[in-house]
Amino acid sequence: MAHGFNSARLDRIPAFVADKYVGPGKLPHAATLVSRGGEVAHQSLVGDARAGQPLAEDTLFRIASMTKPVTCVALMMLVEEGLIALSHPVAKYLPEFGKTGVYVAGGGNIPFVTRPPRSPMRIVDLMRHTSGLTYGFQERSPVDAAYRRTWAGDFALTTTSDDYIAALSEIPLLFDPGAHWNYSVATDVLGVIVERITGQSLGDVFAERIFAPLGMVDTGFHVAADRLHRLADAYAYDPAKKMTLFDAGGDSRWANAARFQSGGGGLVSTLADYHAFCRMLLNGGKLGNARIVSRAAMAMMTANHLPGGGDLTRHSVGLFSEADSAGGGYGLGFGVTIDPAATLTLGNAGEFYWGGMFSTGFFVDPVTDTIILFMTQLMPSSTYAVRREIKTMVHAAFDD
């Protein structure tokens, strides 16, 4: 037994992943890390980062929406410094949103018809995804379609933060801020607010105030030439071929510095780096001698902020309204488990988590003092099941 785990049960994980996912071609590769009390209890690497190049401990992964918690932590640091408040209207920092209306009709070849929002969009709405913003990939409404028309291809390489906000503020909100939950570009907007308050790029804020203190030496918005050999290939799901190459590690778009640094999904990281970030979260905002945010801030961020205390199936109007999200609420940058029984998955109330478009994911459980990290590179995030399965296997391995 190590760290309170039955080692034989933890050792089932790599064979399970290899036999069910990597071997049959459902995933290109998979890396798993489990720690307790800050010490690694299990780490396994299955498959090749690139053809003929096995995954390594320092392999770089595109973590997509696992960027969101980092952005929200940066914003909360500014809250603690008195530079912004969760209750402030977004238009106080981004006046472009002062005239943004709520969708009524139109779209496509017909001009949008809007009405004034019943309440202003607040910073907390951005943090908890109740802003009325959306994502183009949801493909549910004319508003989503407008997002797709506005941002296509590698727009981040040519679009500035100011350009992004100017264009976004011209597209109607899906609903009144605070009325519903909808997964969206809200965290990208938060990133721009961080930039405007600090006068720095988001990457510089992260590097100076979060990554350097935590020793996250490999995390950033682009991959330098001397580290490009460590970046895994990324794939897209294909119904016929299972997977097609989306972004080759050796010729990656992440090798180019983006003008728009996406606070909602732009970072590249490693198992070790993101583990350090999760350890800070689990330790109440501190790792070693580095205090990033206070315990009070972490308690606030990991509480359920959905209106009325309900779960995502009750409040979501798009993605995450499915039965798999039962029992899960949403905090300020994290999903949170509020009813373990409703999730139908082993776990504890108070654990917090999120994942990314390339099928990466993490869980932090304060009850058991445990962190689970899963890294792979397949978009869209169609392997939510494997993350739940690994989480179940970890909980089944507790022996104390």
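**Stop 1: two crossing helices**

Helix α6 passes helix α7 in a left-handed crossing. This is a predicted model. To find the pair, select residues 161–168 for α6 and residues 186–198 for α7. Their axes come within 10 Å and cross at roughly 130°. An angle over 145 degrees would count as roughly antiparallel and one from 65 to 115 as roughly perpendicular; α6 and α7 are therefore oblique to each other.

Now show side chains where the two helices touch. On α6, select S161, D162, Y164, I165 and L168. On α7, select D188, V189, V192, E195 and R196. Colour the residues of this contact by class: 5 are nonpolar, 1 is polar and 4 are charged.

**Stop 2: a second helix pair**

Two packed helices are described by the angle between their axes and the distance between the axes. Select residues 68–80, which form helix α3, and residues 202–214, which form helix α8. What are the angle and the axis distance for α3 and α8? The angle is about 75°, and the axes are 11 Å apart. α3 and α8 are therefore roughly perpendicular to each other.

Show the side chains of V70, T71, V73, A74, M77 and L78 in α3. They meet L202, V205, F206, R209, I210 and F211 in α8. By class, this contact has 10 nonpolar, 1 polar and 1 charged residues.

**Stop 3: F211**

Stay on helix α8 and select F211. Is F211 buried or exposed? Its relative accessible area is 4%, and the cut-off for buried is under 20%, so F211 is buried.

Next, select what F211 touches. Leaving aside neighbours within four places in sequence, F211 is in contact with V70, F206, M216, T219, G220 and L267. V70 is also one of the α3 residues in the contact with α8.

**Stop 4: a sheet of 3 strands**

Finally, select the strands β8, β7 and β17, which form an open sheet in the order β8-β7-β17, with mixed pairing. β8 (242–247) and β17 (378–379) stand at the edges, each with a single partner strand, so one side of each has no neighbour in the sheet.

Strands of a sheet pair through backbone hydrogen bonds, either parallel or antiparallel. Select residues 234–238 for β7: this strand runs antiparallel to β8, and 5 bridges join the two.

Definitions and conventions: Residues numbered from 1 in each chain as written. Predicted model: local features only at pLDDT ≥ 70, side-chain atom pairs only at ≥ 80, totals over all residues. Heavy atoms only, no water. Pairing = 2+ DSSP bridges. Helix = DSSP H or I, 4+ residues; strand = E, 2+ residues; numbered from the N terminus. Axes fitted to C-alpha atoms, helices over the stretch in contact; angles between N-to-C directions. Parallel < 35°, antiparallel > 145°, perpendicular 65-115°, else oblique. Left-handed = near helix turned anticlockwise from the far one by under 90°. Contact = heavy atoms within 4.5 Å. Nonpolar A, V, L, I, M, F, W, Y, C, P; charged D, E, K, R; others polar. Buried < 20%, exposed > 50% of the residue type's maximum accessible area, 1.4 Å probe, protein only.
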